[in-house]
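Reader: I am new to this structure. Please show me how to read it.

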Amino acid sequence: MYNSIILFIARILSTVLHPFLLFLPVPYFLVLHITNNVESAIKWTFFSWIFIFSVVVFVFYEVQRGRFSNYDISKQGQRSRFFLFVGLMTIIYISCLFLLHGPLEMVIVTFGSLLGLLLLDIINKYVKASIHVASVSAILLSFVILNGFSFIWLLLFIPLVAWSRVKLKSHTVLETITGGLFGILLTILVYVIIEYVFKY
């Protein structure tokens, strides 16, 4: 009974704090932070969602075809196909941002995400780093940076997500730590580039 409750809590945490759900409001808060314009933030958010949902449809399609074992793409050997598709969509998205004169910061953040995927693909040849924890770490830290350190308590969800992934036997402790550190370091790198390179 106790183990069933623990597993239920782990599943809830892993689902509610899924990177896809957390990533949906990111374009809105990013553009709002840059422009302080709600209309512009909404416009670019809906534009970004086209590409975000294309990845969701791709994963769903691949699971139905049996090419992905599950929606978390838990098997290491299946991730290269996922990274390739996301990389392609990211390049198209960045190209559209340039053509439509989108905010430069969105280009930098998206490029940082693409770089992150490429590095994760390399890391995954040696250890199956948790994309789930990496994404959650990056998204939550970005939210804290954009909205102030009064939201720093949100970072407490990172170890909770890591715990849930270990409990669900989706990852080992090392894989969640690797993913978490990677997400945090990548976010800091992108922030430094935006604040101290492109603003001066």
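The dialogue below goes from the whole chain to single residues.

Author: This is a predicted model: local features need pLDDT of at least 70, side-chain atom pairs count only at pLDDT 80 or more, and totals for chains, interfaces and linings use all residues. Residues are numbered from 1 along each chain as its sequence is written, and side-chain values use heavy atoms, with hydrogens and water left out.

Reader: How many helices and strands does the protein chain have?

Author: Helices (H or I, at least four residues) and strands (E, at least two) are DSSP runs, numbered from the N terminus. Here the protein chain has 9 helices and 0 strands.

Reader: How does the radius of gyration of the protein chain stand against the globule rule?

Author: The radius is taken over C-alpha atoms, and the rule is 2.2 Å times the number of residues to the power 0.38. The protein chain has a radius of gyration of 17 Å, close to the 16 Å that the rule gives for 200 residues, so it is as compact as a globular protein of that length. Its C-alpha trace spans about 55 × 40 × 30 Å along the principal axes.

Reader: What share of the residues of the protein chain count as buried?

Author: Buried means under 20% relative accessible area, exposed over 50%, partly exposed in between (1.4 Å probe, protein chains only). Of the 200 residues, 43% count as buried.

Reader: Which residues of the largest nonpolar core touch the most other members?

Author: In soluble globular proteins, nonpolar side chains tend to be buried together. A nonpolar core is a set of buried Ala, Val, Leu, Ile, Met, Phe, Trp, Tyr and Cys residues joined through side-chain atoms within 4.5 Å. The largest one here has 29 residues; Val59, Phe68, Phe82, Leu97 and Met106 touch the most other members. Helices α3 (26-35), α4 (38-65), α5 (79-99), α6 (104-123), α7 (131-147) and α9 (173-196) each give this core at least two residues. Another core lies apart from it, with 12 residues, among them Leu17, Leu22, Val26 and Ile158.

Reader: What is Val161 in contact with?

Author: Contact means heavy atoms within 4.5 Å. Leaving aside neighbours within four places in sequence, Val161 is in contact with Leu17, His132, Val133 and Val136. Val161 sits in helix α8 (residues 157-167). Val161 is buried, at 0% relative accessible area.

Reader: Is Ser14 buried or exposed?

Author: Ser14 counts as buried, at 6% relative accessibility. Its place is in helix α1 (residues 2-16). Beyond its neighbours within four places in sequence, Ser14 is in contact with His132, Ser164, Arg165 and Leu168.
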